[in-house]
Amino acid sequence: MTDKTMTPDEVVGRLRSGMTIGIGGWGSRRKPMALVRALLRSEITDLTVISYGGPDVGLLAAAGRIRRLVAAFTTLDSIPLEPHFRAARERGDFAFTELDEAMFMWGLHAAANRLPFLPVRAGLGSDVMTVNPELRTVTSPYEDGETFVAVPALRMDAALVHLNRADRLGNGQYLGPDPYFDDLFCEAADTAYVSCEQLVDRFDRDTAPAPQSLLVGRHSVTGVVETPNGAHFTSCAPDYGRDEPFQKLYATTPWPEFAERFLAGRSEDDYQQAVRAWHEEQQ
C-alpha cells in the first residue's frame, strides 16, 4: 500500500501549462478551492478547464488562466451567473464549449470507460448542436436506425476534487446529500488529486464508511491533500455551508481588489487568515 498524501503546492507542482484540468463539485458546492487557489499561486496558464462550473471557473477566468472552458453552466447557485466568468466571456478571453448537463455527464462516462464517445439523445433538436458545430451524430446500426448525438469523451490530464474524508491510500468519502460526479472526474483523468476536510490513516473494518458513501477509490487517485475548510467559500455539507456573505463580497468586488486582499498570500493559511480577518471586521 502507498501513502499518497501531498500538499496543495506539491499537487500543483505536477501540473503544467496547456493541460486539460477537470474540477469536481457542482456550482458553488464542494469545490476543491484550496487546490484552485494553489493553482493561482503558480504560473500555470493556457488551461482547458472541464467543470460543472462555479467560482473555480470564475477565479481562473479572472486571472486569465483559461484557454478553453468546457461546461454545462457556471453559477454561484444563490447568484445565478458567476460574474467573473461572465466578464471574461464577454471580453472573449477564452473559447467556450457549452454542453447540456446530460451530455456533459455522458462525456465523463465515455472518458472514464476509455471510449471515444457515447451516443445520447440529449441535445437533439436544441441549439447545442448549433453553438457546437464540431459535434457529430451517429445512426444506430440496429433495426431502429435512430440518430443520436455522439458526445465526445471528456478526457483530462488531471482532475481536482474535494471530499469530506479521505484516507492516505486515496479512498474518498462524501457525507453530504449528493456525490455530484467526482468519481467520474477521477476516473476520466490520467491523474487525480483529492483534497479533503479530514484525513484518516486508513478506512478499516472499524472506521469504514457505509459503502455507498465511499465515492472515490484509491485505484483512480494519484494524491490526497488534507485541507480543512478547503472548499471555502463553497459549501461542503454537512461540515459547513456556503459562506454567503463572503461569496457576495467576491461577486461584487473588482477582481484586482479581491485578489490583492485574499489571494496575494503565499499559502492557503494566508487565505484563511485573510477571510477570518474580514469576517471579524463585519461584526
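Guide: Let's start with two helices: the axes of helix 8 (residues 244–252) and helix 10 (residues 268–281) come within 11 Å and cross at roughly 100°. Axes here are lines fitted to C-alpha atoms, for helices over the stretch in contact, with angles from 0 to 180 degrees between N-to-C directions. This is a predicted model, in which local features need pLDDT of at least 70 and side-chain atom pairs count only at pLDDT 80 or more, while totals for chains, interfaces and linings use all residues. Residues are numbered from 1 along each chain as its sequence is written, and side-chain values use heavy atoms, leaving out hydrogens and water.

Visitor: Why are helix 8 and helix 10 called roughly perpendicular?

Guide: Angles of 65 to 115 degrees count as roughly perpendicular, under 35 as roughly parallel, over 145 as roughly antiparallel and the rest as oblique. The crossing is roughly 100°, so helix 8 and helix 10 are roughly perpendicular to each other. P245, F246 and L249 of helix 8 meet Y271, V275, W278 and H279 of helix 10, where contact means heavy atoms within 4.5 Å.

Visitor: What makes F85 and F96 an edge-to-face pair?

Guide: Rings of Phe, Tyr and Trp (its six-membered ring) pair if their centres lie within 6.5 Å; planes under 30 degrees apart count as stacked, over 60 as edge-to-face and the rest as tilted. F85 and F96 are 5.7 Å apart centre to centre, with 75° between the planes. F85 lies in helix 4 (residues 83–91) and F96 in strand 4 (residues 95–98), so the pair ties together parts eleven residues apart in sequence. Helices (H or I, at least four residues) and strands (E, at least two) are DSSP runs, numbered from the N terminus.

Visitor: Why is the pair of F258 and F262 called tilted?

Guide: The ring centres of F258 and F262 are 5.1 Å apart and the planes stand at 40°, so this pair is tilted. Both residues lie in helix 9 (residues 255–262), four residues apart, about one turn of the helix.

Visitor: How do you know that F258 is buried?

Guide: Buried means under 20% relative accessible area, exposed over 50% and partly exposed in between (1.4 Å probe, protein chains only). F258 has 2% relative accessibility, so F258 counts as buried. F262 is buried too, with a relative accessible area of 5%.

Visitor: What makes helix 2 mostly covered?

Guide: In helix 2 (residues 33–40), eight of its eight residues are buried, including M33, L35 and R37.
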